[in-house]
Amino acid sequence: MGLDHDLTGFVQRVFACPAETASAIALRATERVYAAQAVILRAGDRPSDTWLVMAGRAQALVYGAEGQLVMLQEYASGDLFGAIANLDAGPQAAEIKAVETLRAALFLGADFLTLIETHTAVGLAVSRLLLRQLSETTGRMADRITLSAPDRVRAELLRMAVEVERRLVIDPFTGVTALGIKLSIARETVSRAINDLERRGAVRREGRALIIISPRLLRADFV
């Protein structure tokens, strides 16, 4: 079943390709919607399919040596996960779960590999994506080695923020538990770090959003 015009437009933006190519790509996909907390892939699965995130977020999660959840990767709009270009990657190392309602385009079996081989734009987009994910993972590893836990919280808040009407905003701010999993830091440590920033006037909560009032104060401790 092919996807609608909205999906074709999304594919065109993600892969930076002509409309005709986007239509051909979209015809290979089916739309899927996953509820928040739904498990999309389980550790040990052998995925042969590829997911393109259209809206919402998913995370690749594993359990640490002490039973704590650790986030390996986060997937948002425009990201890919699953088999992608390697159908023989072996068992899935991490569980992939929807953090919030997730809308995705699903490419079955070898369809996505065929698209990579047929359309240069798809192969280039996958290369850019994998390089970005590697850079993000390397950055988080470097932070764990070089920064204290509170500094890692402040650095991640700056990464998450988006400029909206000349303000840096995290909307929605998913809370200290989710941030702790993302950074492999205890919830209590994350809570103390953010409360300290609020007391200093560096951040402010507005409904579901977290507003960064003073990026300078967030950077001061680790730059």
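**Exercise 1. In which sense do strand 11 and strand 12 pair, and over how many bridges?**

Step 1. Find the elements: helices (H or I, at least four residues) and strands (E, at least two) are DSSP runs, numbered from the N terminus. Two strands pair if DSSP finds at least two bridges between them.

Step 2. Strand 11 and strand 12 (residues 209-212) are joined by four bridges, in the antiparallel sense. Within this region, Glu206 sits opposite Ala209 of strand 12.

A word on the model before you go on: it is predicted, so local features need pLDDT of at least 70 and side-chain atom pairs count only at pLDDT 80 or more, while totals for chains, interfaces and linings use all residues. Residues are numbered from 1 along each chain as its sequence is written, and side-chain values use heavy atoms, leaving out hydrogens and water.

**Exercise 2. Which strands stand at the edges of the sheet, each with a single partner strand?**

Step 1. Write down the order: four strands make an open, antiparallel sheet, 9-10-12-11.

Step 2. Strand 9 (162-164) and strand 11 (203-206) are the edge strands; each has a single partner, so one side of each lacks a neighbour in the sheet.

**Exercise 3. Which residues of the largest nonpolar core touch the most other members?**

Step 1. Know the term: a nonpolar core is a set of buried Ala, Val, Leu, Ile, Met, Phe, Trp, Tyr and Cys residues joined through side-chain atoms within 4.5 Å. Buried means under 20% relative accessible area, exposed over 50%, and partly exposed in between (1.4 Å probe, protein chains only).

Step 2. Among the 21 residues of this core, the answer is Phe15, Ile25, Leu52, Phe107 and Phe112.

Step 3. Helix 4 (120-146) is one of the elements that supply at least two residues, and its five residues are the largest share.

Step 4. A second, separate core has 20 residues, including Phe173 and Leu217.

**Exercise 4. Where do Glu165 and Pro172 lie, and is Glu165 buried or exposed?**

Step 1. Recall that most residues other than glycine have a negative phi, and most peptide bonds are trans.

Step 2. Glu165, in the loop between strand 9 and strand 10, has a positive phi of about 50 degrees. Its relative accessibility is 75%, so Glu165 counts as exposed.

Step 3. Pro172 belongs to the loop between strand 10 (167-170) and helix 6 (176-183). The bond joining Asp171 and Pro172 is cis, with omega about 0 degrees.
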